[in-house]
Amino acid sequence: MIRIMFICHGNICRSPMGEFILRDMAEKRGIGDKVFIASAATTDDETAYGGSHIYPPAKSTLLAHGINSPGVNAKRAVRLRREDYAKYDLFVPMDGENVSDARDIFGGDPDGKIKLCLDFAGFHGRDVSDPWYTRDFEQAYRDIYLGCEGIIRYISKEIM
């Protein structure tokens with residue numbers, strides 16, 4: 001089983017979108033039982049008191065694209081932890097700041113497990129648009145979807 005963790009600042013917009021987009025893709029391709037997909041925040045901004053739910057516009061965007069797994073309603077923000085490094089095969093931050101924060105949390109990336117989401121789509125070094133600031137959740141969805149298509153290709157090679 002391949003274990004993948006999406007990462008963003010608060011775990012209420014981009015990283016849960018990645019989690020559920022990739023989960024949906026994996027299920028539709030018949031490899032859902034071969035991957036474990038989660039998401040986490042690099043900060044405590046949204047993790048207090050049991051964690052915030054997915055930000056409503058992010059959730060609405062997922063629903064508008066037909067992504068409505070039971071987990072979408074139950075997802076709460078969680079914080080990335082140092083011990084997660086040993087538990088996951090791949091970490092997918094949404095932007096360069098998340099990469100830096102994840103490396104700080106993990107104390108580095110000795111196994112090369114941290115790769116930007118859009119690197120998988122051939123847009124090396126490009127950040128996923130942050131809808132918290134742009135308010136453009138559709139653009140964030142498109143960016144994440146492209147990255148997830150690349151991740152599916154990448155993990156399919158590992159599974160086969």
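A: A crossing of two helices is called right-handed if the near helix is turned clockwise from the far one by less than a right angle, and left-handed if it is turned anticlockwise. The model is predicted, and local features need a pLDDT of at least 70 while side-chain atom pairs count only at pLDDT 80 or more, whereas totals for chains, interfaces and linings use all residues. Residues are numbered from 1 along each chain as its sequence is written, and side-chain values use heavy atoms, with hydrogens and water left out.

Helices (H or I, at least four residues) and strands (E, at least two) are DSSP runs, numbered from the N terminus. The axes of H1 and H7 come within 9 Å and cross at roughly 45°, where axes are lines fitted to C-alpha atoms, for helices over the stretch in contact, and angles run from 0 to 180 degrees between N-to-C directions. H1 and H7 are therefore oblique to each other, given that angles under 35 degrees count as roughly parallel, over 145 as roughly antiparallel, 65 to 115 as roughly perpendicular and the rest as oblique. Their crossing is right-handed. On the H1 side the contact (heavy atoms within 4.5 Å) is made by Arg14, Met17, Gly18, Ile21, Leu22, Met25 and Ala26, and on the H7 side by Phe137, Tyr141, Ile144, Tyr145, Cys148, Glu149, Ile151 and Ile152. By class, this contact of H1 with H7 has 12 nonpolar, one polar and two charged residues, with Ala, Val, Leu, Ile, Met, Phe, Trp, Tyr, Cys and Pro counted as nonpolar, Asp, Glu, Lys and Arg as charged, and the others, Gly among them, as polar.

Helix H2 (residues 56–64) packs against helix H7 (residues 137–159) at an angle of about 60°, with their axes 10 Å apart, and H2 and H7 are therefore oblique to each other. The crossing of H2 and H7 is right-handed, and the residues that make the contact are Pro57, Ala58, Thr61 and Leu62 of H2 together with Phe137, Glu138 and Tyr141 of H7. Five of the residues in the contact of H2 with H7 are nonpolar, one is polar and one is charged.

H1 also meets H2: their axes come within 10 Å and cross at roughly 15°, so H1 and H2 are roughly parallel to each other. H1 passes H2 in a right-handed crossing, in which Met17, Phe20 and Ile21 of H1 meet Ala58, Thr61 and Leu62 of H2. The contact of H1 with H2 has five nonpolar residues, one polar and no charged ones.

Arg14 also forms a salt bridge (a side-chain nitrogen of Lys or Arg within 4 Å of a carboxyl oxygen of Asp or Glu) with Asp130, the closest N and O atoms being 3.4 Å apart. Arg14 lies in helix H1 (residues 14–28) and Asp130 in the loop between helix H5 (96–106) and helix H6 (131–134), so the pair ties together parts that are 116 residues apart in sequence.

Elsewhere in the model, an open sheet of three strands has the order E2-E1-E3 with parallel pairing, two strands being paired if DSSP finds at least two bridges between them.
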